[in-house]
Amino acid sequence: MKIFRTALMVPVIALLGGCNFVVLHPAGFVAEQQRDVLLISTALMLLVIAPVMALTAYFAWRYRASNAKAAYDPDWDHSTALELVIWSAPLLIIICLGAVTWMGTHLLDPYRRLDRVSRDAPVPADVKPLEVQVAALDWKWLFIYPEQGIAVVNEMAAPVNRPVHFRITASAVMNSFYVPALAGQIYAMPAMQSQLHAVINRPGEYAGFSANYSGAGFSQMRFRFLGLDDAGFAQWVQQAKEAGGVLDRAAYLELEQPSVNAPVRRFGAVEPNLFDLIRNLCVEPGRMCRSEMMAVDAAGGLGPEGLRALVRPARTGLARLRRPGAFVASICTPEQALAMASAAPAVDPGRSWTPAAGLGLPRPGSVARQPAGAAAAPPLAGPQSLRPERS
């Protein structure tokens, strides 16, 4: 019978052998530290859990009805020594857990820049973190490399032992960016930016996915994370450049449409500041950016006159569900701003039209009203919206 039971355990052990305990065996220094916090916390909690479970079984066996040798003392109600053990042990464990949590919260802050790439190697002084901009779409991941000028869908790569700085946002629905081998999950939220500093220490191919339910295609919202040496990463970048194609506003609006199991796509060039436009929900031409809107609100708002800037798009079906209601129109290009400024006296002579600088955007140049036939004013820097103000 014993041999038979042992034989039944063999398939179970074989199945467990195929499991990939990536959280407990990560490939990145940040994930390793997070694993250590998990193991230390579990061990501290087991100092209480294990004795309680063992004593529960012991008491059930020791004071069973058939054991006539067990002492029966129904009037026992207090033991100072036992009280000290019962209360001091959990108190010490809570103190230790608090210390581990406090140190882990500060040392493993995802916004904190890395000072080490491994336990034994600090970040070299001449090494700059790799910048990666991440946008969670429905239901795929877009990775933009501003330094390399490329973008890739559902695949990303990073050199081994080089810090990576992620800037993370979402197009419409909140998701969670998670590569278990690299670091813990970080939320991707529309109109907001999250950050993550991490490093990969071993070459290989690792799984990444969304850890937050975001709709029908959530379970297929996965991507590949490649840890490469410097030569392999340069080759990967060159492969993306040779793929051609430009990820501009029009291409992004097409890419943004919901899709499931999207294949890997590469773009050899990216429109500048596209990530900031995605984060500010103003990729569509004529839509005011959230940063500009906040700057206007901080200055007191547009007041009743701002109702003129509201646009109610005629959308139906899924497009209406994704972005319902009206939005604030915006003058987003220097050409539009100059044309509006030139036409302003004829359209509304009682108002002046001045560009509103958005929060974090370059301060635009002044736009003076131009008489007919006059030379054009210097171009404006960055996206602007024109705000009507009383003269």
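Q: What end-to-end distance should α2 have, and what does it have?
A: This is a predicted model. Helix α2 covers residues 29–62, which is 34 residues. At 1.5 Å a residue it should span 50 Å. Its end C-alpha atoms are 48 Å apart, which agrees.

Q: Where is the kink in α2 centred?
A: On Leu46. The kink is about 40 degrees.

Q: Which residues of α2 are buried?
A: Phe29, Val30, Ala31, Glu32, Arg35, Ser41 and Leu44.

Q: And what do those pack against?
A: The buried residues of α2 pack against α3 (80–107), β7 (183–188) and β8 (194–198).

Q: What does UniProt list as "transmembrane region"?
A: The unreviewed UniProt entry lists residues 6–25, 37–61 and 81–103.

Q: How much helix is there over residues 37–61?
A: The chain is 100% helix and 0% strand there. The end C-alpha atoms of that range are 36 Å apart.

Q: What about residues 81–103?
A: Over residues 81–103 the chain is 100% helix and 0% strand. There the end C-alpha atoms are 33 Å apart.

Q: Back to β8. Why is it called largely enclosed?
A: Five of the five residues of β8 are buried, so the strand is largely enclosed by the rest of the structure.

Q: Which residues sit on which side of β8?
A: Ser194, Leu196 and Ala198 are on one side. Gln195 and His197 are on the other. Both faces are covered.

Q: How many bridges does β8 make with β5, parallel or antiparallel?
A: Strand β5 (residues 164–170) and β8 pair over five bridges, in the antiparallel sense.

Q: Now β3. Which of its residues point which way?
A: Strand β3 is residues 150–153. Ile150 and Val152 point one way, and Ala151 and Val153 the other way. All are buried.

Q: How many bridges join β2 to β3?
A: Four, and the two strands run antiparallel. Strand β2 is residues 140–145. The bridge partner of Phe143 in β3 is Val152.

Q: How many residues are between β2 and β3?
A: Four, and the two strands form a hairpin. Gly149 in the turn has a positive phi of about 70 degrees.

Q: What about β3 and β12?
A: β3 pairs with strand β12 (residues 265–267) over three bridges, in the antiparallel sense. Val153 stands opposite Arg265 in β12.

Q: New topic. Which residues does the cis peptide bond join?
A: Asp138 and Trp139, with omega about -10 degrees. Trp139 is in the loop between β1 (130–137) and β2.

Q: Is Asn261 buried or exposed?
A: Exposed, with a relative accessible area of 55%.

Q: And where is Asn273?
A: In the loop between β13 (269–270) and α6 (274–279). Asn273 has a positive phi of about 65 degrees, although it is not a glycine. Asn273 is exposed, with a relative accessible area of 55%.

Q: Switching to cysteines. Which pair forms a disulfide?
A: Cys282 and Cys289, with their sulfur atoms 2.0 Å apart. The count comes to one disulfide.

Q: Why call it right-handed?
A: The torsion about the S-S bond of Cys282 and Cys289 is about 80 degrees, so the disulfide is right-handed.

Q: Are those two cysteines buried or exposed?
A: Cys282 is buried, and so is Cys289.

Q: Why does Cys96 count as partly exposed?
A: Its relative accessibility is 37%. Buried means under 20% and exposed over 50%, so 37% falls in between.

Q: Last one. How many helices and strands in the protein chain?
A: Nine helices and 17 strands. Buried residues make up 38% of the 391 residues. Of the contacts with a separation of 6 or more, 68% are between residues 24 or more positions apart.

Notes. Residues are numbered from 1 along each chain as its sequence is written. This is a predicted model: local features need pLDDT of at least 70, side-chain atom pairs count only at pLDDT 80 or more; totals for chains, interfaces and linings use all residues. Side-chain values use heavy atoms; hydrogens and water are left out. The expected span of a helix is 1.5 Å times one less than its number of residues. The bend at a residue is the angle between axes fitted to the seven residues ending there and the seven starting there. Buried means under 20% relative accessible area, exposed over 50%, partly exposed in between (1.4 Å probe, protein chains only). Contact means heavy atoms within 4.5 Å. UniProt positions are given in the numbering used here, feature names are shortened, and annotations may be inferred rather than shown by experiment. A disulfide is a pair of cysteine sulfur atoms within 2.5 Å. Two strands pair if DSSP finds at least two bridges between them.
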